[in-house]
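This report describes selected features of one protein model.

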Amino acid sequence: MSAKLGETLLKDNLITPQQLKEALDYQRMNGGRLASTLVKLGILSDEEVTAVLSRQYGVPSVNLDLFEVDPAAVALVPQETAERYCVLPLSRVGATLTLAMVDPTNVFAIDDVKFMTGLSVEPVVVSEAAMLTAIGKYYGTTREIELARVMEDLVAESTTYSDYGEDIDQLDLEAEEEIDLENLEKMAEDAPVVKLVNVILVDALRRSASDIHIEPYEKEFRVRFRIDGVLYNIMNPPLKMRDALTSRMKIMARLDIAEKRLPQDGRIKIRVRLDNRSRELDFRVSTLPTIFGEKMVLRLLDKENLRLDMTKLGFEPESLEKFSRNIVKPYGMVLVTGPTGSGKTSTLYSALQTLNTPETNIMTAEDPVEFNLPGVNQVQMKESIGLNFAAALRSFLRQDPNIILVGEIRDFETAEIGVKAALTGHMVLSTLHTNDAPSTISRLMNMGIEPFLVATSVNLIQAQRLVRCTCKECKVEVKTPLEAIIDVGFSASEAGEVRTFKGAGCNACNGTGYRGRVGLYEVMEVTDDLRELILVGASGLELRRKAIEEGMLTLRMSGLEKIRQGLTTVEEVVRETVK
């Protein structure tokens, strides 16, 4: 491209041969594009360079200082992609996205933007200097200096590898189907690979992602983040980086890089300096062999996002009062239920924090231990050597405990020991995977626990879900049809008074309209009347009906309360709950 641009400029008499030689010499010494070099040296102006590039590429040019950029269009493309390819989305009309580019011939950039947005791309050309300024302006921050500092900290803490100096997109590695161990290690230590991994880990923290998914396919390689419970495509590294990137992650997690046929689990602990303060990051790593390579999922365990104050989790006052009353009882069982990722661990850790006093002996059996709690005796399960929940629970009973937390009741043996512990003077906290609170009783009995043991041991069952919060920065009131409001569960008299809100989409929420999550809670306290129903083998439906009569708020009712408060949307509540 440089030679062609130089020839065009000479042909148009815009520069002299001596000026071209001076610019090329400067470019060889300092790197960068020829067009930018000519502007830096004062040989040509930005406007002159843009006009020539427009003619050379055969695409229109744009003056970004005069162009009104649509923030909704900017939100469609992540900042990393914009910085990596030197592109900026300008506007969207129908299914077409106008994309400002320094190099409109970069088909990889165009393909990546097409894939992540699902739109066709119309390129326009701008100068590199104008592009860098615009990226900093419209994405809210110029991150090169800070990111470099963050990555220096990452490398210092987690590796002894050499400093990196190449750009990620300059990587040229040979990725073959069969790679020996020596080559894998060499590739994983390559500077651009180290840089890319560091960028991915730090950016997950910046975006408040809970999980990182690294997924190889036949013709592409993609990285996705789960943010507020929803997966978003973040980047598509070159497919030839697949083995190098997964090997680098496995080395950091202390996994066997030569083993590609079996799933592996590990952990990455690193310290970074972010926003002028030091942060410790903890990633739980899981690898899974797929037909096109190893898929990796990293769960970010961020201590600073762990809320241990139960009043801030989203409980309704009456539900919180029931939960708090039952966890401080001297014995019995409190069960928290819900699917993976519904916040069960946060709820139980909050309960432990409330109960954690010098006079109390707290023992936990977890798989895995997600956060370290000072003053709590936490035990990591190791199935490979026979240390499972049941074995740990048996040992706990010989350790003079007051409170026992069992990560999950998965089988009859664990359930039986837990129930017996609850009946012999211990407070037992645990989790189960059930859809709602009343069906948990049926689940325990289906495991083989006698109804009289369930009725006498269980004090309280809580089901929960997480819904996305409406973004406070771009929250606007919207008109929702009365029929829809009534259909979701509001009464006809309430429907006219309910105000509904949505996020319009802004930089703070990456254009999604949602930022953060809040819990929905269904708290069923086992009263004497419910115990009688359990003893006679009542169905989950009968238990549910009785619990509602006694004042239990269902998950849907909790969701309606969050809509009433303007915390979330009708769509979110419908997505996570049933009437």
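A residue is called buried when its relative accessible area is under 20%, exposed when over 50%, and partly exposed in between (1.4 Å probe, protein chains only). The model is predicted, so local features need pLDDT of at least 70 and side-chain atom pairs count only at pLDDT 80 or more, whereas totals for chains, interfaces and linings use all residues. Residues are numbered from 1 along each chain as its sequence is written, and side-chain values use heavy atoms, with hydrogens and water left out.

Helices (H or I, at least four residues) and strands (E, at least two) are DSSP runs, numbered from the N terminus. Strand E10 (residues 332-337) is mostly covered, with 6 of its 6 residues buried. Gly 332, Val 334 and Val 336 point one way from E10, while Met 333, Leu 335 and Thr 337 point the other way.

E10 belongs to an open sheet of 7 strands with mixed pairing, in the order E12-E11-E13-E14-E10-E15-E18. Strand E12 (377-380) and strand E18 (514-525) are the edge strands, each pairing on one side only. Two strands pair if DSSP finds at least two bridges between them.

| Strand pair | Sense | Bridges | A bridge partner pair |
|---|---|---|---|
| E10 and E14 (residues 427-432) | parallel | 6 bridges | Gly 332 and Met 427 |
| E10 and E15 (residues 458-470) | parallel | 5 bridges | Thr 337 and Ala 463 |
| E15 and E18 | antiparallel | 10 bridges | Thr 470 and Tyr 514 |

Helix H23 (residues 555-564) packs on the sheet and touches E15 and E18 (contact: heavy atoms within 4.5 Å). The direction of H23 makes about 140° with that of E18; axes are lines fitted to C-alpha atoms, for helices over the stretch in contact, and angles run from 0 to 180 degrees between N-to-C directions.

Helix H12 (residues 242-252) is largely enclosed by the rest of the structure, because 10 of its 11 residues are buried. Among them are the charged residues Arg 242, Asp 243, Arg 248 and Lys 250. H12 is followed by Arg 254, whose phi is positive, near 60°.

A cavity is a set of points on a 1 Å grid over the protein atoms alone where a 1.4 Å probe fits but cannot get out; lining residues have an atom within 4 Å of a point. The model has 1 cavity of 30 Å³ or more, and the largest cavity has a volume of about 80 Å³, the space filled by probe spheres set on the points. Of its 13 lining residues, the closest to its centre are Ala 35, Ser 36, Val 49, Ser 127 and Glu 128. Helices H3 (34-40), H4 (46-57) and H8 (128-138) each supply at least two residues of this lining.

Terms used. On a 1 Å grid over the protein atoms alone, a cavity is a set of points where a 1.4 Å probe fits but cannot get out, and a pocket is an open set with protein on both sides within 12 Å along at least five of seven lines; lining residues have an atom within 4 Å of a point.
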